[in-house]
Amino acid sequence: MTDLTHPAPASPTAAPSSIAGMPPAAGTARPTAETQVMVSSTDLDFVLNRFVDETVGVRFAQTVSADGMHLAASGGVDSARHDTFAAIASGLASLTDSSVELFGIGSMQRQIIEASNGWILLSRVSATASLGVVADRNSDLGLVGYEMTRLSRQLGEALSPDVVDRLKGTLGL
């Protein structure tokens with residue numbers, strides 16, 4: 001599984017060096033101001049590509065802002081679909097938030113949409129970002145959900161409101 005705190009050794013396709021500076025998973029030591037490195041959309045694209053490559057059955061993954069903007073995505077999907085999926089994922093996450101709030105059952109953890117040939121899963125990464133995943137029909141949803149939870153926890157602080165705003169700015173939004 002993708003480990004943002006210990007990226008793969010340097011290779012022609014190795015992670016950009018700033019990935020090592022991303023915050024560790026919840027419950028581990030926090031980086032100091034001197035060690036924390038700015039996160040870029042390229043870093044996030046790399047992490048999402050690793051997630052797709054290493055999680056059996058996952059076809060595509062994308063991070064989206066709460067207001068429906070594309071932040072980063074794995075390869076394998078025409079980039080013209082990024083904005084559309086971002087708007088859809090954000091809207092679904094917002095509707096789910098409203099539903100769980102209406103019934104007082106906590107906060108959205110994951111939303112799963114079953115289709116005839118696959119699954120779409122949404123997970124909250126932070127107050128201002130979500131992770132959307134497209135998986136094959138025969139995927140082990142328990143495994144995909146577990147790996148999404150791990151990735152969401154690792155990305156949580158990396159996609160703080162300030163970082164999301166900065167990423168939207170660098171993408172010209």
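How many bridges join strand 3 to strand 4? Six bridges join these two strands, which run antiparallel. The model is predicted, so local features need pLDDT of at least 70 and side-chain atom pairs count only at pLDDT 80 or more, while totals for chains, interfaces and linings use all residues. Residues are numbered from 1 along each chain as its sequence is written, and side-chain values use heavy atoms, with hydrogens and water left out.

- An open sheet is formed by five strands in the order 2-1-5-4-3, with antiparallel pairing; strands pair if DSSP finds at least two bridges between them.
- Strand 2 and strand 3 (110-115) are the edge strands, each pairing on one side only.
- R110 stands opposite S123 in strand 4.
- Strands (E, at least two residues) and helices (H or I, at least four) are DSSP runs, numbered from the N terminus.

**The nonpolar cores**
- The largest nonpolar core has 23 residues, and F51, A61, L131, V133, M148, L151 and L159 have the most contacts inside it.
- A nonpolar core is a set of buried Ala, Val, Leu, Ile, Met, Phe, Trp, Tyr and Cys residues joined through side-chain atoms within 4.5 Å; buried means under 20% relative accessible area (1.4 Å probe, protein chains only).
- Helix 1 (41-54) is among the elements that each supply at least two residues of this core, and helix 1 gives the most, with six residues.
- A61 touches residues including L48, F51, L131 and V133, not counting residues up to four places away in sequence; contact means heavy atoms within 4.5 Å.

Terms used: Buried < 20%, exposed > 50% of the residue type's maximum accessible area, 1.4 Å probe, protein only.
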